Every structure is written in structure tokens, then in C-alpha cells.
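Here is a short tour in questions and answers. Take a look at the structure first.

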Amino acid sequence: MIIADRKPFEEIKESVKDYNKIMVLGCETCVAICQAGGEKEAEILASELKLAFGNEGKKVEVNDEIVIRQCDDEFMSDTAFLEKVKEADVVLSIACGVGVQHSCNYFNRIITEKPIRVIPGLNTTFMGANIDVGLWEERCLGCGDCVLERTGGICPITRCAKSLLNGPCGGSSNGKCEINKDTDCAWHLIIERLEALGELERIKPVEKYKDWRPSHSGGPRRMVREDLRL
Amino acid sequence: MKSGSNLEGLLEKGEFVITGELGPPKGTDVEVVKKKAAMLKGNVDAVNITDNQTAIVRMSSIATSKILIDEGLEPTMQMVARDRNRLAIMSDLFGASALGIKNMLCLSGDHQSFGNHPEAKNVFDIDSIQMIHMVKTMRDEHKVICGDEIEGDFKMFIGAASNPFADPFQYRVHRLAKKIEAGVDFIQTQCIYDMKRFKEFMKQVVDMGLHEKCKILAGITPLKSVGMARYMAANVSGIIIPEEIIDRLKGAGKEKVASEGIKITCEQIQELREIEGLSGIHLMAIEWEHKVQEIVEAAGLLPRSVL
């Protein structure tokens with residue numbers, strides 16, 4: 001799941017201060033689950049903005065809307081919804097960075113009367129999982145060449161601060177990473193898991209240089225599935 | 001000879017070697033390097049030149065190594081994977097070799113969050129073990145890792161670090177074995193204070209025959225004060241300082257704490273010399289270069305022979 005965190009309110013307020021009609025647009029998928037950008041958060045943010053501008057005596061219209069997924073055209077194609085987008089001076093999207101860009105691109109493709117301004121209300125933080133109530137942790141960097149089969153299902157690329165393929169480094173202490181005592185040493189976890197599985201031999205050979213081309217290092221990524229193309 | 005370095009030659013001869021360490025200045029002050037070099041000259045067989053240690057920006061290890069060569073000392077250039085990708089490392093190694101640098105140490109590098117530019121993006125394209133393999137490929141196959149031939153000679157004595165005090169303890173010796181498999185020639189360990197744990201580690205090393213496959217130098221850092229001991233134990237990754245050492249420093253009193261620190265160092269060196277599988281000492285006298293001669297002399301390791 002994509003995890004995101006709301007930007008500080010002052011930063012959001014500053015970014016929309018020049019507009020009179022603001023649409024706060026929530027997204028009902030990943031960011032709703034991590035309680036950063038769903039329907040409830042869109043309502044709250046809209047109310048906060050109304051209140052803050054109202055206290056300053058500024059007349060601003062703030063509405064909130066929600067779509068199922070801002071990263072998919074079909075959930076944004078409703079005519080009445082698009083009409084509201086057109087009427088707004090700015091769309092404050094509280095989707096992840098994908099949603100912000102995709103909704104912006106879609107609105108500007110479909111609405112031809114005027115350019116549509118879409119700005120972000122969240123910081124997209126990582127691909128991760130909900131570990132406990134109010135706690136999320138990063139689990140995947142999307143390197144494009146999964147190594148989990150060799151590392152006991154624990155990703156060293158993501159969870160080791162140095163992305164070591166032949167860890168752990170000398171900074172591993174009592175199962176924790178040298179950069180932060182709240183962060184588990186990924187390699188400590190890998191060794192424990194492989195030991196329990198009786199597969200410690202797996203990490204004895206030297207892991208060769210990683211080919212980073214399938215990762216972002218190879219440039220912005222694109223996937224074509226010919227079997228799904230029309 | 002893999003590199004023709006003095007360090008390699010002495011180790012091959014079976015001499016008990018002693019290497020020192022020099023941290024480059026946080027700027028361009030060559031005199032700082034020359035002053036420290038003068039204190040180390042004749043007292044150690046080679047000098048590690050750190051590479052932006054603890055992620056603090058300093059004069060480059062390559063340039064500082066070259067200054068050392070000009071001053072008549074032999075450098076061991078440290079190189080971290082934090083700041084350079086494989087292209088930059090190989091390119092810098094060509095440059096280092098062209099400048100006469102014959103020893104190097106392959107390291108992952110302290111995370112940038114420890115240093116003075118925590119906002120920086122790190123690299124970690126390869127790790128320290130892959131770096132060892134890369135340098136060995138360059139030296140022994142005369143190729144860069146994509147397979148292209150290297151123009152001209154490339155020789156290097158390949159070192160790496162080992163920390164017997166990091167966790168999980170039972171895996172540390174296997175990580176050393178991986179460095180040997182990757183092609184390391186010599187190892188310098190993290191500073192040793194917990195002699196009991198170090199002896200356990202060396203027993204595993206000897207049982208696996210690893211000391212016959214690479215030369216191992218035991219890391220030592222003299223403690224200048226109780227404060228330094230406490231700071232290192234709390235803040236430097238993978239350092240364990242037993243309470244009895246801290247008690248000895250405390251017991252010496254403020255006036256004599258430094259000489260007690262040196263006394264402890266000399267005792268440690270004597271104890272280390274008795275341990276099977278060690279080929280020398282790596283003496284990291286941090287900002288205490290002027291004491292190196294005194295320590296090495298008191299440990300009975302002077303004069304140093306030069307090949």
C-alpha cells in the first residue's frame with residue numbers, strides 16, 4: 001500500500017491562499033486506509049481551511065469531494081463531478097503523488113475550457129504496511145528485481161539503510177540499525193529468519209553487483225502488457 | 001606481489017606489522033596532513049587515510065594519500081560505497097593507482113545521517129564486499145567489471161574491515177569469510193576493548209582457517225579520557241568498552257589518565273600478540289598522532305623495518 005502523510009496545515013494554507021474556490025479532493029484507496037487522504041480527511045481539511053480563512057475575514061469557498069481512485073480515469077469521469085472541478089480555482093488533491101499527477105493530467109485532457117490547477121496536500125512517503133495501530137513501515141522500494149526469495153522474505157534493499165546485499169554492516173547492534181534504535185537491522189532479521197528455516201547457507205555466497213536498470217536508476221519506468229492492450 | 005606495497009611485503013615476510021591512521025583536514029590545510037604524517041613516519045608501516053569518516057566532509061582520501069607519498073609514507077586509501085557508484089570508484093581507483101597508491105580499504109561507509117550533511121542522498125550502488133570483488137577483478141583479470149580491458153597496469157593490495165563486536169555475533173566470522181571469498185588480502189578490525197569477545201572471534205577465525213587466507217590486523221584505539229571512553233561506547237557503532245577499563249581510567253585520576261590509557265594500549269598489544277591468527281596491529285590514535293611513537297616504542301615494536 002502507498003503510505004502518505006498530510007503536509008503541515010500552514011504549508012497547505014499558504015499554497016491555496018490566492019484562490020477563492022478550493023476543491024479538496026480525497027482518494028478512497030491507499031491514502032484513505034492510512035488515514036491521510038480519505039473522505040473523512042478531506043472533510044476535516046476543508047473545514048480547517050474554511051475556519052482559518054474565515055478567521056482572517058477572507059471569503060473563500062471550500063468544498064470537499066471524494067473519488068475511489070485518483071490514479072484511474074474511470075473513477076473521475078462523472079459529468080457532475082467534472083463540472084465541479086471546472087468551477088474550482090484549484091483542486092487540492094490529498095491523494096498520493098500518483099493520484100495528484102494522474103488527476104491533473106486527466107482533468108486537463110477532458111476539460112478543454114480552461115487549464116485545471118491541481119496541487120498536493122500530502123507528502124507521499126513510502127510503500128509499506130500497517131504494522132500496528134497508527135504505525136506504518138516501509139517494505140518495498142520497487143527496485144524491479146525482487147530478491148526476497150534469497151533473503152527469507154525480508155528486503156535488504158528497502159529495510160537496510162545502506163541497501164546492502166551482503167550485510168549486516170558493522171553498525172548492527174542488538175538487532176537494531178546504527179542510524180536509529182527504533183529501526184530493526186534488516187540483516188539481523190534475515191539471519192534469524194534463515195536460521196529458523198535452516199537456510200542460512202543461502203547468504204554465504206557473495207551476492208553479486210545488483211543490476212539497477214529495472215529500478216528508477218534506469219529512468220522513469222513504463223510497463224507494457226501486450227496481452228492486455230486493445 | 002599483488003601490489004608491491006611495503007605493507008604487503010612485510011606481511012608476506014611474516015613480520016608483525018603496525019598500521020596507523022590519519023584523518024584528513026576539514027578543508028585544504030596541507031600543513032595539518034604534513035604535521036600528522038611527520039609524527040607517524042618511521043613508527044608505522046602504512047597509514048590509513050580515512051574517506052569522509054563519520055560522513056563529515058574532509059579533504060579527499062586520494063589527495064591526502066598522495067601528499068603522504070610525497071612525505072615518504074605509505075598510505076592505505078580508504079574508500080566508502082556511500083558516496084560513489086561503481087563508475088566513480090573504478091575511475092578513482094585508476095587515478096589512485098596512477099598516483100602511486102598501492103593499498104586500499106573497501107568500506108560501506110558510515111550512514112550520512114551521522115555527519116554534517118544529513119540531507120545528502122547516498123549512493124550504495126555496491127556494498128563493501130562487492131567493492132572487494134570489483135578491485136580484485138580489476139587487478140587479477142585486468143578488466144573493469146563490465147569486461148572491458150584496463151589500459152595500463154593496475155595493482156592494489158585489497159583491505160577491508162571486520163567488526164567482531166557487531167551483531168549477530170555468531171554471523172560475524174561468516175561475513176569475514178565472505179570478504180575472503182570476494183578476494184580481500186588483509187583485514188583491519190574495529191577497535192578492540194572487549195578482549196574476551198575478540199578471542200572468541202579469533203578462535204572461530206582460526207578454526208575455519210581464515211587467518212591463512214588473509215592477514216588480520218587487530219584494531220586498537222588508545223583512550224585519552226573517561227569521557228572519550230564513555231562517548232565511544234555510547235556513540236560509535238559496534239564498540240563495547242568493558243567497565244573495568246573505564247574504572248582503570250577513572251582510578252588513574254585526571255593527571256595520569258592519558259598515561260594510563262597508553263599503558264592499557266600497550267598491555268592490549270602484548271595480549272593481542274599472543275593470539276593465534278593475528279598478523280599485526282592497526283593503531284587508530286584519533287587526534288593523538290603525537291603519542292604514536294611513545295606507544296609503539298613502549299610496545300617494543302620499534303624500529304620498523306622497511307623493504
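This is a predicted model: local features need pLDDT of at least 70, side-chain atom pairs count only at pLDDT 80 or more; totals for chains, interfaces and linings use all residues.

Reader: Which domains does chain A have, and how many Å separate their centres?

Author: The domain assignment of chain A gives domain 1 as 2-126. It gives domain 2 as 141-215. Taken over C-alpha atoms, the centres of domain 1 of chain A and domain 2 of chain A are separated by 38 Å.

Reader: How many helices and strands make up the secondary structure of chain A?
Author: Both kinds of element occur in chain A. The count for chain A is 7 helices and 9 strands.

Reader: Is chain A a compact globule or more spread out?
Author: For 230 residues, the globule rule gives 17 Å. The radius of gyration of chain A is 22 Å, well over that value. Chain A is therefore more spread out than a compact globule.

Reader: What does the C-alpha trace of chain A span along its principal axes?
Author: The trace is taken along the principal axes of chain A. Its span is about 65 × 50 × 25 Å.

Reader: What share of the residues of chain A count as buried?
Author: A residue is buried if 20 or more other C-beta atoms lie within 10 Å of its own. Of the 230 residues of chain A, the share that counts as buried is 37%.

Reader: Which element gives the most to the side of chain B that touches chain A?
Author: The contact takes 22 residues from chain A and 25 residues from chain B. In chain B, α5 (128-140) and α6 (169-182) each supply at least two residues of that side. With 5 residues, the element that gives the most is α6(B).

Methods:
Residues are numbered from 1 along each chain as its sequence is written. Chains are lettered from A and ligands numbered from 1 in the order in which they are written. Domain bounds come from an automatic or database domain assignment. Two residues are in contact if their C-beta atoms, placed from the backbone, lie within 7 Å. Helices (H or I, at least four residues) and strands (E, at least two) are DSSP runs, numbered from the N terminus. The radius of gyration is taken over C-alpha atoms; the globule rule is 2.2 Å times the number of residues to the power 0.38. A residue is buried if 20 or more other C-beta atoms lie within 10 Å of its own, exposed if 12 or fewer, and partly exposed in between; C-beta atoms are placed from the backbone.
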